Amino acid sequence: MQHDDVIWSVINKNFCSFKVRTKVGRFCRNEYNLTGLCNRNSCPLANSQYATVREEKGICYLYMKTIERSHFPNRLWEKVKLSRNYEKAIEQINTQLMYWPNFIKHKCKQRFTKMTQYLIRVRRLTMKKQKKLVPLSKKVERRERRREAKALVAAQVDRAIEKELLDRLKKGTYGDIYNFPAHAFDKALDKEGEEDEEEEEEEDEQESEGEVEYVAEDEFEESDISDLEDMDAESSSEDDTEKPPAIPKKKRPRVEIEYEQEPSTSRTTS
């Protein structure tokens, strides 16, 4: 047999796992609590006839508890699905809680109104585009920074060692002590020689940019003359192509003329 007054006297004066004391007041953490406050009317443990509204995955349900089912813990709460339409849901609450206390009926409607309001706000926010904040670990950033610095130092050291070894090989410091591959050494020397030649050519071009020279006709090379002739030939060919095409003359019919000669008659005199 359940005694609500005895249960509340124990919960109110002694320990309750759902009770939270603050400077403002006492609150209840039970998921079936109707108001969230720890008092006689709102306590779901000390009331054998109790009702509340809960939300599960965007759908609101009305939970009701009666004393007739108190000896069946697995069937203690009756669950009724509420309509998505606000007016129809209020009518369902009125019909289900017709003979219940006014306090529970009013608080269930108030709780359902608050839930519908925040569900509407949730749907609106999900439809809008929102920025997603991605957390960055400071430890990972520091680790990557240290690795980059170490890799840069190692690359500089490798280049310095390679340059120093090439200089010593050029000078013949080691002699025949080490058996280096000849093609690798020659390749490195060729690269350096090409770089030096490119630098010298660039310097010569920069120096000869502002100089003025005078050249005689005899010093004109044949290649330059041939280049000029090619340019003249190209220009003349371009002029020929630009001339309008000649109109072809009409051919006259061919006529053959034949002459006939008469035989000459000789006269004899006696």
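Seven nonpolar, three polar and two charged residues make up the lining of the second largest pocket. Here Ala, Val, Leu, Ile, Met, Phe, Trp, Tyr, Cys and Pro count as nonpolar, Asp, Glu, Lys and Arg as charged, and the others, Gly among them, as polar. This is a predicted model, where local features need pLDDT of at least 70, side-chain atom pairs count only at pLDDT 80 or more, and totals for chains, interfaces and linings use all residues. Residues are numbered from 1 along each chain as its sequence is written, and side-chain values use heavy atoms, with hydrogens and water left out.

Let us look at the spaces. On a 1 Å grid over the protein atoms alone, a pocket is an open set of points with protein on both sides within 12 Å along at least five of seven lines, a cavity is a set where a 1.4 Å probe fits but cannot get out, and lining residues have an atom within 4 Å of a point. A volume is the space filled by probe spheres set on the points.

| Space | Volume |
|---|---|
| Second largest pocket | about 190 Å³ |
| Largest cavity | about 60 Å³ |

The pocket's lining includes Gly58, Tyr86, Phe112 and Arg123. Helix 3 gives the most to this lining, with five residues. Helices (H or I, at least four residues) and strands (E, at least two) are DSSP runs, numbered from the N terminus.

Of the 13 residues lining the largest cavity, Ile11, Cys16, Cys28, Cys38 and Cys43 lie nearest its centre. That lining has ten nonpolar, three polar and no charged residues.

Now for the helices. The axes (lines fitted to C-alpha atoms over the stretch in contact, with angles from 0 to 180 degrees between N-to-C directions) of helix 2 (residues 86-96) and helix 3 (residues 102-127) come within 10 Å and cross at roughly 155°. Helix 2 and helix 3 are therefore roughly antiparallel, a word for angles over 145 degrees.

Technical notes
Parallel < 35°, antiparallel > 145°, perpendicular 65-115°, else oblique.
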